[in-house]
Amino acid sequence: MAEVIKLHGAWPSPFSCRVIWALKLKGIPYENIEEDLPYRKSPELLKYNPVHKKIPVLVHGEKPICESMIIIEYIEETWPETPLLPADPYDRAIARFWVKFADDKGPSIWMVFRTTGEEQVKFKKESLEMLKTIEEHAGTLGKKKFFGGNNIGIVDIAFGGIAHWFGVIEDVVGVKLFEAQVFPRLHAWTENFKQVPAIKESLPDRDKLVVFYKQMRENLLASS
């Protein structure tokens, strides 16, 4: 009997969606457990992630794995069919470099969302520098459909938040950073990424995301 796979996540979270995309791309059945964040955290979530108390958490059997990209590495090693990492060791190292870049630099757009005034200006600059670096240096953008070639892979998943959430944050905050004419290769990638069936069917409704994050921003600014 196969061990049950459960995913504790939240529908507006790009980090939850990373894991959903990996599971769907590999055709792995799972049970989705929706957490009511940021308001309430279930006893199961606190049990399975007592350190950070955050989603996503993948539970395989009774073994919990936390942090979205660590979960995806676990999925890749446990179910190697339909690989998300390249076979070549050097290419795998490069892919992991860009995954780390996504996790290190990606928070800048979320800080634009959480701040105002001079502090926000600083994070706008950091977000633009991140986009410029990806546009100019990442993978095979402009030559192939995805970061690692013509097949979607782990780097595409890591940058997936840019494809759908970046524009939502721009709308909520009232800024425009991700201009198609300034970042043409990255913009073309977002369109290719969102057309992959496993991705397209799993993207949260954009209008609902705008409503959710508008309310969250109002609450954040009111409490600061």
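Guide: Gladly. A helix here is a DSSP run of H or I with at least four residues, numbered from the N terminus. Please keep in mind that this is a predicted model.

Visitor: Which helices each supply at least two residues of the lining of the largest pocket?

Guide: They are α1 (14-25), α3 (68-78), α4 (89-105), α5 (107-114), α8 (160-173) and α11 (206-223). The lining has 40 residues, and Ser13, Pro14, Phe15, Ile55 and Trp110 lie nearest the pocket's centre. The space inside is about 1200 Å³.

Visitor: What makes Trp110 and Ser13 lining residues of the largest pocket?

Guide: A lining residue has an atom within 4 Å of a pocket point. Trp110 and Ser13 are among the residues that line the largest pocket, so each has such an atom.

Visitor: How is that lining divided by class?

Guide: There are 26 nonpolar, seven polar and seven charged residues.

Visitor: Which helix gives the most to the lining of the second largest pocket?

Guide: That is α4, with five residues; α7 (154-158) supplies at least two. This pocket holds about 510 Å³ of space. Its lining has 24 residues, with Pro86, Phe147, Gly148, Gly149 and Asn151 closest to the centre.

Visitor: Why is Pro197 called exposed?

Guide: Exposed means over 50% relative accessible area. Pro197 has 59%, so the label exposed applies.

Visitor: Where does Pro197 lie?

Guide: Pro197 lies in helix α10, residues 197-200. From His8, Pro197 is 189 residues away in sequence and 22 Å away in space, C-alpha to C-alpha.

Definitions and conventions
Residues are numbered from 1 along each chain as its sequence is written. This is a predicted model: local features need pLDDT of at least 70, side-chain atom pairs count only at pLDDT 80 or more; totals for chains, interfaces and linings use all residues. Side-chain values use heavy atoms; hydrogens and water are left out. On a 1 Å grid over the protein atoms alone, a cavity is a set of points where a 1.4 Å probe fits but cannot get out, and a pocket is an open set with protein on both sides within 12 Å along at least five of seven lines; lining residues have an atom within 4 Å of a point. Grid points are joined across faces, edges and corners, and a volume is the space filled by probe spheres set on the points. Ala, Val, Leu, Ile, Met, Phe, Trp, Tyr, Cys and Pro count as nonpolar, Asp, Glu, Lys and Arg as charged, and the others, Gly among them, as polar. Buried means under 20% relative accessible area, exposed over 50%, partly exposed in between (1.4 Å probe, protein chains only).
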